[in-house]
Amino acid sequence: MGNTDVPASLAGYYYQLLIACKELVILINNHDDLSNHVAIEKGSDVKVFTKNDVCIEAKFYSDASFTKSHKSIKHTIYNFYNDFKINSKNSKPSSGYIYKTNVPVSSKDAQFFEIWNNKNISNYDDYIEYVKECILNDSVIKKPFSDDFEKYKKRANVQPDSNGKVSFSAYYNALKEDIKNGKECYTSFSDIGSNNDIKSFINSIEFEFGSKKKSKLYTIKDIYNEITDELKKYDSSLSNDDCKKIRNWVIEEFFETISNLVNDGVSVKRALDAIVNHKNLKIKYLDDTNFLEFKEVIDQSIESFGIRIKRSNHDSELDELSNILLKFKEKFCEEVEKHTVEDVAGRFVMGSYFKSPHLIMDMLKAFSVVVNFNEDETDIQLATENLTGINNIAINNKQQFTLKGIDNTDFNMYADILIMEFIKDTQHKFLNKVDGEETIVFETKCRPCEYAIDNLNNLIINNAQVFSNITYQQLFMSMEYKCTECLQLGKCVDDTKISVKRFLGGDCHGGNV
């Protein structure tokens, strides 16, 4: 299964940007002061500044549920507590804290959080201990307490493993046990206040859990709809396109504030001005016609992929495959931000017509299947400049591939024509980058892998495009040619796993050239 964690980048912030946008438009309909505002603070917490400030952190899990021991909720409680502690030291009113997830709590921890959320805690001991452990968990790896933890390791009663080593978790578990037995104390390894302070902190937290697991794709669509509903609640004359334009403007405003030294976020007043003047709003990043065209088609393609997954008897893989394809979309958009749609799309699409988002998405769907059914945990790179030769996708930075497609059904029917179109396109666009060791993966079913076994050398030698240049001949002969036929969803999950294994192992229809 692939690693679908979102990177710390524009794509990584996108969910928090949407949450911030949603909170701002809710505030528009419920503000008590035009200076009320929403900001994304360090650590990507969304904070709503009103008379009673609120901190919000949203987490998107790929698992069907989460437990109270999950690393991300512990880290969030640590962040919330630090904010609570700063407010207490500065005699500021305590913030409210909201933790949102797209999935429910596991059954074994459901009662723990239900009691907490309903503020029906009769005995705080377990909750105080849980918060202390969350704070300790992060404190021991951060200055200054990491130094104290290093000193503790020297006196800890921990046995090394068979290799003579002691893991971090072994030391950490020993510390928790020593604290429990009174040999050590929390305050030596973390900045923890009194039990009464922690009790007040516990009462300031709310949890908003999903009723069932929802993928990032459908969660985003829900947030889009909620933002539109709130905007129309304020001004019923706004069309869906008006709401979309206002939403994009707000997202860009939040994105620009992230890197500001003084982050004032976006105020209700600025948002109201934007709504009144929405016809004249200037959108810097999302107003590029090509980019919007691609983004709209990409979103449609992700949704239609879900239909294919269900009808191919792969329902169990729906969320994972959708999440991986969404990650590909995010990486594609990151590349477009650095360059242009034409430049990035041109790395995948052969010929002069680069506006082929459906073709690009078909290639990325095929590799979503590779990432999902690869037996190892998978990290992906897309279209980055630091890949070898003309490769535009990498798995775990080891297996690199060159995805290529052409928006011409006639060429796609014949392996020899497709390979020659690739050679012509590469000579025209990328010849100075060619390494000669690339594995070319065509978006086609004409099996260039099978054709190349007996015919590749004669095809290249006899073609006028490379006839007179031995170096060119050697470059294109040394490449391996494959297609995405092996990467389509099979009749069942097991069939697809076998096809992916065959593809990655070089045992597809043609095998190695």
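Start by selecting S146, which sits in helix 5 (residues 145-155); helices here are DSSP runs of H or I with at least four residues, strands are E runs of at least two, and both are numbered from the N terminus. S146 is buried at a relative accessible area of 14%, where buried means under 20%, exposed over 50% and partly exposed in between, with a 1.4 Å probe and protein chains only. Show its surroundings: beyond neighbours within four places in sequence, S146 touches S139, V140 and I141, a contact being heavy atoms within 4.5 Å.

A word on the model: it is predicted, so local features need pLDDT of at least 70 and side-chain atom pairs count only at pLDDT 80 or more, while totals for chains, interfaces and linings use all residues. Residues are numbered from 1 along each chain as its sequence is written, and side-chain values use heavy atoms, with hydrogens and water left out.

Stay in helix 5 and pick E150 and K153. They form a salt bridge with the closest N and O atoms 3.0 Å apart; the term means a side-chain nitrogen of Lys or Arg within 4 Å of a carboxyl oxygen of Asp or Glu. The two are 3 residues apart in helix 5, so about one helical turn separates them. E150 is partly exposed at 42%, and K153 is partly exposed at 22%.

Next, select D138 and K142, another salt bridge, with closest N and O atoms 2.9 Å apart. D138 is buried at 6% relative accessibility, whereas K142 is partly exposed at 29%.

Now bring up K74 and E133, whose closest N and O atoms are 2.9 Å apart in a salt bridge. K74 belongs to helix 2 (residues 71-89) and E133 to helix 4, so this pair ties together parts 59 residues apart in sequence. Both residues are buried. For a network of salt bridges, select E23, K100 and E208. The count for the structure is 21 salt bridges.

Move on to helix 14 (residues 357-373), where 15 of the 17 residues are buried, so the rest of the structure largely encloses it.

Finally, colour by pLDDT, the predictor's confidence in each residue from 0 to 100. The protein averages 83, and 87% of the residues score at least 70. Helix 4 (residues 125-139) has the highest confidence at 95, and helix 1 (residues 10-28) the lowest at a mean of 77. Over residues 1-12, pLDDT stays under 50.

How values were computed:
Expected span 1.5 Å × (residues − 1).
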